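I opened this notebook to record what I looked up, beginning with a pair of helices and ending with the ligand.

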Amino acid sequence: MSGRGVLVTGASRGIGRAIAAAFAAQGDHVAIHHRDSAKEAQSLLEELPGQGHGIVQADLADPEAVRRMVDAAAQELGGIDVLVNNAGVFIDHPITETSYDEWRTAWQRILGTNLIGPANVTWCAVQHMPAGGRVINVSSRGAFRGEPNSPAYGASKAGLNALGQSLAIALAPRGIAVAGVAPGYVETDMTNEHLKSPRGEEIRAQSPFGRVARPDEIAAAVVYLASPAAEWASGAVLDLNGASYLR
Ligand code: NAD
């Protein structure tokens, strides 16, 4: 099915940008959300095939800004058929190397953006979502494997999976399905520094394919989970990690 209204958070770069492009390529209308990347969002808008796309802005850690952003997206798209909770932040804060202040700040920022942010975006989007709607969460392998250098990140993604599963049950009676993807390393701005460092080889070797993912590989799975064919995947979290971590 094409011609749906799709809100993608954190769409100005990386995985979100690839997801926005994949939906537009199949004829959907995309609301490109960004926080402070107006230029990149505009360049994506100009690149996207098809029509009826728009740009919306908010810091996801600000609940009122979230409400205004989602309402603006719904107005622009004429409703929200698909929500992709993609935006996220990763901050190193190993317990043995951070002060108590740094530790608390990291927890607040990461949970605010990666867990409470998507919870609020989802509440607002559901107000505009008809039967057949889809919510897709971009989680992480770290939810299952652990994140020793960023425990709040691992916890935020485990929380996002639990949120998705709860909402899959709660929203099924309305005909809305909720699913997630859990990528391992993906080549984006978030990971480029690690991938270019001496650790890069070790990171690629985590997968027996000897590489990390491309953003379009994550986007393809998100497009599938958002499709009408995938209602029965509601509640699922799909591993996309090149067999680097099996559970
Ligand atoms: P990225 O850093 O390139 O993009 C993340 C986007 O989220 C950015 O556009 C950023 O501006 C936005 N964002 C961050 N904090 C925000 C806030 N408070 N309000 C609004 N927007 C905010 O990262 P990416 O690699 O494309 O990651 C996309 C998603 O995929 C994230 O949820 C990330 O946790 C997840 N993920 C990434 C990898 C990877 O290896 N790159 C692996 C697993 C999961």
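**Entry 1: two helices.** I looked up which residues of α3 and α4 touch: Pro63, Val66, Arg67, Met69 and Val70 in α3 meet Asn120, Val121, Trp123, Cys124 and Ala125 in α4. Contact here means heavy atoms within 4.5 Å. I sorted the residues of this contact into eight nonpolar, one polar and one charged. Ala, Val, Leu, Ile, Met, Phe, Trp, Tyr, Cys and Pro count as nonpolar, Asp, Glu, Lys and Arg as charged, and the others, Gly among them, as polar.

I noted that the model is predicted: local features need pLDDT of at least 70 and side-chain atom pairs count only at pLDDT 80 or more, while totals for chains, interfaces and linings use all residues. Residues are numbered from 1 along each chain as its sequence is written, and side-chain values use heavy atoms, with hydrogens and water left out.

**Entry 2: geometry.** Helix α3 spans residues 63–77 and helix α4 residues 100–126; I found them packed at an angle of about 35 degrees, with axes 9 Å apart. Axes are lines fitted to C-alpha atoms, for helices over the stretch in contact, and angles run from 0 to 180 degrees between N-to-C directions. Helices are DSSP runs (H or I, at least four residues), numbered from the N terminus.

**Entry 3: ligand.** Which residues come nearest to the ligand? Of the 26 around it, I recorded Arg13, Asn86, Tyr153, Val186 and Thr188; a residue counts if one of its heavy atoms lies within 4 Å. A polar side-chain atom of Arg13 lies 2.6 Å from a ligand oxygen atom.

**Entry 4: Pro215.** I located Pro215 in helix α9 (residues 215–225). Pro215 and Thr188 are 27 residues apart in sequence, yet 7.3 Å apart in space, C-alpha to C-alpha.

Terms used
A polar contact is a pair of N or O atoms within 3.5 Å; within protein, one must be able to donate a hydrogen and the other to accept it, and residues adjacent in sequence count only if both atoms are side-chain atoms.
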